[in-house]
Amino acid sequence: MSNVIAKIEREQMRIDMPAFKAGDTVKVHLRIIEGEKERIQVFQGAVLRYRKGTTNSTFTVRKISDGIGVERVFPVHSPYIERVEVVAEGKVRRSRIYYLRGLKGKAARIKSKQAW
């Protein structure tokens, strides 16, 4: 029985996910289905957390929208994620990431270097 579950988990795991870490800026291209229509929505922001595991891996992305911080948790192996692009690599300590949650605008930026 456990072999069947392990086989299903392996089939659903993504292998096309780029390498990124907390502090990096990413663009998540998410497939949205509304009735019979389908569209791609882009969510760009800084990665606050990356929980690695098997099929339950998640990453949290935070962006500033109209002066308000918006956080979203994405399952890594979700079939609704079209692709993830690393826009910039950030250099930040974990304590700084949680401090950024209370800040707005330019103060909430992460010191970064452009990805090549």
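1. Start with the aromatic rings. In this predicted model, Phe20, Phe43, Tyr50, Phe59 and Phe74 form one aromatic cluster. The count of aromatic pairs comes to 5. How are the rings of Phe20 and Phe59 arranged? Their centres are 5.1 Å apart and their planes stand at 70°, so this pair is edge-to-face. The two residues come from distant parts of the chain: Phe20 sits in the loop between α1 (2-12) and β1, while Phe59 belongs to strand β3, 39 residues apart. Phe20 is buried because its relative accessible area is 7%, under the 20% cut-off. Phe59 is buried too, at 0% relative accessibility.

2. Next, look at Phe43 and Phe74. Their ring centres lie 5.7 Å apart with the planes at 70°, so this pair is also edge-to-face.

3. Leaving aside neighbours within four places in sequence, Phe74 is in contact with Val28, Leu30, Phe43, Ser57, Thr58, Phe59, Val61 and Ile81. Two names on that list, Phe43 and Phe59, also belong to the aromatic cluster.

4. In soluble globular proteins, nonpolar side chains tend to be buried together. The largest core in this model has 14 residues, of which Val28, Phe59, Phe74 and Val84 touch the most other members. Which elements give two or more residues to this core? They are β1 (25-34), β2 (37-51), β3 (58-65) and β5 (81-90). The largest share, 4 residues, comes from β1.

5. β2 and β3 run antiparallel and pair over 5 bridges. A hairpin of 6 residues joins these two strands. For a landmark in this pairing, find Arg49, which stands opposite Thr60 in β3.

6. Follow the chain onward from β3 to strand β4 (residues 68-75). These two strands also pair in the antiparallel sense, over 8 bridges. Ile64 has Gly69 in β4 as its bridge partner. The hairpin of β3 and β4 has 2 residues between the strands, and Asp66 there takes a positive phi near 55°.

7. Is His29 buried or exposed? With a relative accessible area of 9%, His29 is buried. Its side chain makes a polar contact of 2.9 Å with the side chain of Glu85. Apart from residues up to four places away in sequence, His29 touches Ile40, Gln41, Val42, Tyr80, Ile81, Glu82, Arg83 and Glu85.

8. The other residue is Thr25, which also lies in β1. Its relative accessible area of 19% makes Thr25 buried, because the cut-off is under 20%. Thr25 touches Gln44, Gly45, Ala46, Glu85, Val86, Val87 and Ala88, again without counting residues up to four places away in sequence.

9. Glu85 leads us on to the charged side chains. How many salt bridges are found in the whole structure? The search finds 6. One of them joins Glu85 to Arg83, with the closest N and O atoms 3.0 Å apart. Glu85 is partly exposed at 29% relative accessibility, and Arg83 is partly exposed with a relative accessible area of 42%.

10. Other salt bridges pair residues with contrasting surroundings. Lys21 and Asp24 form one whose closest N and O atoms are 3.1 Å apart; Lys21 is partly exposed at 43%, whereas Asp24 is buried at 2%. Glu71 and Arg62 meet in another, at 3.7 Å from N to O. Glu71 counts as partly exposed, at 36% relative accessibility, but Arg62 counts as buried, at 9%. Finally, Arg31, Glu38 and Glu82 are linked in a network of salt bridges.

Note on methods. Residues numbered from 1 in each chain as written. Predicted model: local features only at pLDDT ≥ 70, side-chain atom pairs only at ≥ 80, totals over all residues. Heavy atoms only, no water. Core = buried A, V, L, I, M, F, W, Y, C linked by side-chain atoms within 4.5 Å. Buried < 20%, exposed > 50% of the residue type's maximum accessible area, 1.4 Å probe, protein only. Contact = heavy atoms within 4.5 Å. Pairing = 2+ DSSP bridges. Polar contact = N/O pair within 3.5 Å; in protein donor to acceptor, adjacent residues only side chain to side chain. Phe/Tyr/Trp six-rings, centres within 6.5 Å; stacked < 30°, edge-to-face > 60°. Salt bridge = Lys/Arg side-chain N within 4 Å of Asp/Glu carboxyl O.
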